[in-house]
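Student: Please walk me through this model, one feature at a time. I'd like to learn how to read it for myself.

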Amino acid sequence: MLCARLTNARFLTMDPDHPVAHDLGIWRGRIVGLDEAVTSLPAREVIDLQGATVLPGFIDSHVHLAWTGFKAGTPSVAPCSSVEDVLAAVAEAVARTPEGGWVDLAGYDQRGLGRHLTAAELDKVSAGRKVFMMHDSGHGCMVNTAVLDLLPAELPHGEGFLAEGAMGAARALRLPFSQQELADAIGLAARTCLAEGVTACAEAGIGGVLFGHSPVELGAYQLAKEQGKLPLRVQLMVSADRLRPVTAHEDDGIPRALDLGLRTGFGDDRLSVGALKIYTDGGMMARTAALTGPYQGLDHTGQLQDDPETLADTIVDGHLAGWQLAVHAIGDRAADVALDALERAQRIRPRPGARHRIEHAGLIRPDQLERFARLGVTAVIQPNFLRYFGDDYAAIMGEERAPWLYRGRGFLEHGITLVGSSDRPVADGSPLRAVQFMVERASTSGQVIGPDEGITVDEALRAYTVAGAFACHWEDSAGSLTPGKRADLVVLGDDPRSVDVSRIGDIEVAATFVDGRDTEEAAS
């Protein structure tokens, strides 16, 4: 007897052997059959989906769950459009903070203000408190003098704006969070994912200087799972700065590793260790993505996180230790560093099944596409970056480079696996809004950016299902509605393939199933 049979729906399976179905059978959390294979079988529960469209659960292959949860509970200066308004918001937060305490604010973005604030300006409203405003990109923060005084004098601070490693030093003054605080934040973010149809995700870097929250952060995810606060599947990327030299057997050829040799693949179908996260550059919002040519109207080309040889050594060592690698590279100069190192690593020890990834691949030159393909590197992009920030990104790249931003068609035509993700909370996490952008390439203002990079709705949906599963080594159990795979699916109020493209992002997510159970009903 089936546990459940879902009927009266249009199942878009993403499986070419059975692309569309009307019935789906579930037994013990797995799909056991489609259509005639299950329609006559008895079932404990028959669920009439009333003509809805059903897809495999979306896979968001690059997220920051803890950061998302914390940001949701942090006062934000995002609505402010002037320096004066930001300072007023800071003063209001200061008034609620005990003397000598820390004032945490989110939503800082200099682009809407026309310039960065200064520590001196914050000093005027901070009343001796320590002010820390996280930049929306995650690659910088704005602090006052009370924080700068706690940092090494030689640290570059740009009159209060700290980028990349300098930001990490400021964050370290506050860390670590407790595992319970982290578990609560993770749970809050996970529920948001489910509401958007996301049934599995890859957490993009735990335990590190830039985005980590605790040296025992993996334990917080275990705690969230034990407490029932992890209602979706999570694969954890470990920050590469957690590697340390090891004296392994010479036949293993492992120069650096995590304790006990922990690497990609450890865990179960709910919580597992994924790729090793390696940062090569910063971000475009903070103007720290590393480019080969200067930002339009500026006299700099961003920055690498370290000297190229050190970055390359980390990439090679991670490969030799058996990790799948997720290399953060937004600018084309950073992509060169990543591709050079990945090529060197594969030359030393060929691992054709490693499925190394480049996270973001924000600005990829035409000549770099062939190298992606030849090395078998997956491109994990964030379409909503251009949907929401595209006008700014196109302006700072200029007319020649703007079409290279967060490519779609260029990757696919070169046979490169194209994977969609959100990088939440940096941008809106909705996969459907991202799918819409991937097809029409239009920002919220209506500006079309790189129209030749547009792809079809089917191809965009694959980026959030089949390709996402491939990038996370989940293709045997997720990504399509195929018998034997997990019964993770999303129920939509309309068919993304049949509505006008401009409406895709507004399609209702009616329900999300994980292991064949409606997650909203399971939570009630």
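Tutor: Let's start with the names: helices (H or I, at least four residues) and strands (E, at least two) are DSSP runs, numbered from the N terminus. Keep in mind that this is a predicted model.

Student: Okay, found it. What kind of peptide bond joins arginine 424 and proline 425?

Tutor: A cis one, with omega at about 10°. Another cis bond links leucine 175 to proline 176, and there omega is about 5°. Proline 176 belongs to the loop between H5 and H6.

Student: Now the sheets. In what order do the eight strands of the open sheet come?

Tutor: Read across and you get S6-S11-S12-S15-S16-S17-S18-S19, with parallel pairing. The edge strands are S6 (58-63) and S19 (418-420); each has a single partner strand, so one side of each has no neighbour in the sheet. On average, neighbouring strands are turned by 25° against each other, direction ignored.

Student: How many bridges hold S18 and S19 together?

Tutor: Three, and strand S18 (residues 378-381) pairs with S19 in the parallel sense.

Student: Which strands make up the open sheet of four?

Tutor: That one runs S7-S8-S9-S10, and its pairing is mixed. Strand S7 (102-108) and strand S10 (161-163) are at the edges with a single partner strand each, so each has one side left without a neighbour in the sheet. Its twist averages 25° from one strand to the next. Inside it, strand S8 (residues 130-135) and strand S9 (residues 140-143) pair antiparallel over three bridges, and phenylalanine 132 faces valine 143 in S9. H3 packs on this sheet, touching S8 and S9, and its direction makes about 50° with that of S9. Helix H5 (residues 165-172) lies across S8, S9 and S10, at about 105° to S10.

Student: Let's do helix pairs. At what angle do H2 and H3 pack?

Tutor: Helix H2 (residues 83-95) and helix H3 (residues 119-126) pack at about 40°, their axes 9 Å apart. That is why we call them oblique to each other. Their crossing is right-handed. On the H2 side, the contact is made by Val83, Leu87, Val90, Ala91 and Val94, and on the H3 side by Glu121, Leu122, Val125 and Ser126. Sort these contact residues and you get seven nonpolar, one polar and one charged.

Student: What about H9 and H10: at what angle do they pack?

Tutor: Helix H9 (residues 332-348) and helix H10 (residues 366-375) pack at about 30°, with axes 11 Å apart. Angles under 35 degrees count as roughly parallel, so H9 is roughly parallel to H10. The crossing here is left-handed. The contact involves residues including Ala335 and Leu339 of H9 and Arg371 and Phe372 of H10. Its residues divide into five nonpolar, one polar and six charged.

Student: Next, is tryptophan 323 buried or exposed?

Tutor: Buried means under 20% relative accessible area; tryptophan 323 has 1%, so it counts as buried. You'll find it in the loop between helix H8 (308-320) and strand S16 (325-329). Its C-alpha atom is 7.5 Å from that of alanine 354, 31 residues apart along the chain.

Student: Last one: where is arginine 28, and what is its phi?

Tutor: Arginine 28 is in the loop between S3 and S4, and its phi is near 50°, a positive value in a residue other than glycine. With 66% relative accessibility, arginine 28 counts as exposed. Tyrosine 406 has a positive phi too, near 40°, but tyrosine 406 is buried, with a relative accessible area of 1%. Look for tyrosine 406 in the loop between helix H11 (383-401) and helix H12 (409-413).

Definitions and conventions:
Residues are numbered from 1 along each chain as its sequence is written. This is a predicted model: local features need pLDDT of at least 70, side-chain atom pairs count only at pLDDT 80 or more; totals for chains, interfaces and linings use all residues. Side-chain values use heavy atoms; hydrogens and water are left out. Axes are lines fitted to C-alpha atoms, for helices over the stretch in contact, and angles run from 0 to 180 degrees between N-to-C directions. Angles under 35 degrees count as roughly parallel, over 145 as roughly antiparallel, 65 to 115 as roughly perpendicular and the rest as oblique. A crossing is left-handed if the near helix is turned anticlockwise from the far one by less than a right angle, and right-handed if clockwise. Contact means heavy atoms within 4.5 Å. Ala, Val, Leu, Ile, Met, Phe, Trp, Tyr, Cys and Pro count as nonpolar, Asp, Glu, Lys and Arg as charged, and the others, Gly among them, as polar. Two strands pair if DSSP finds at least two bridges between them. Buried means under 20% relative accessible area, exposed over 50%, partly exposed in between (1.4 Å probe, protein chains only).
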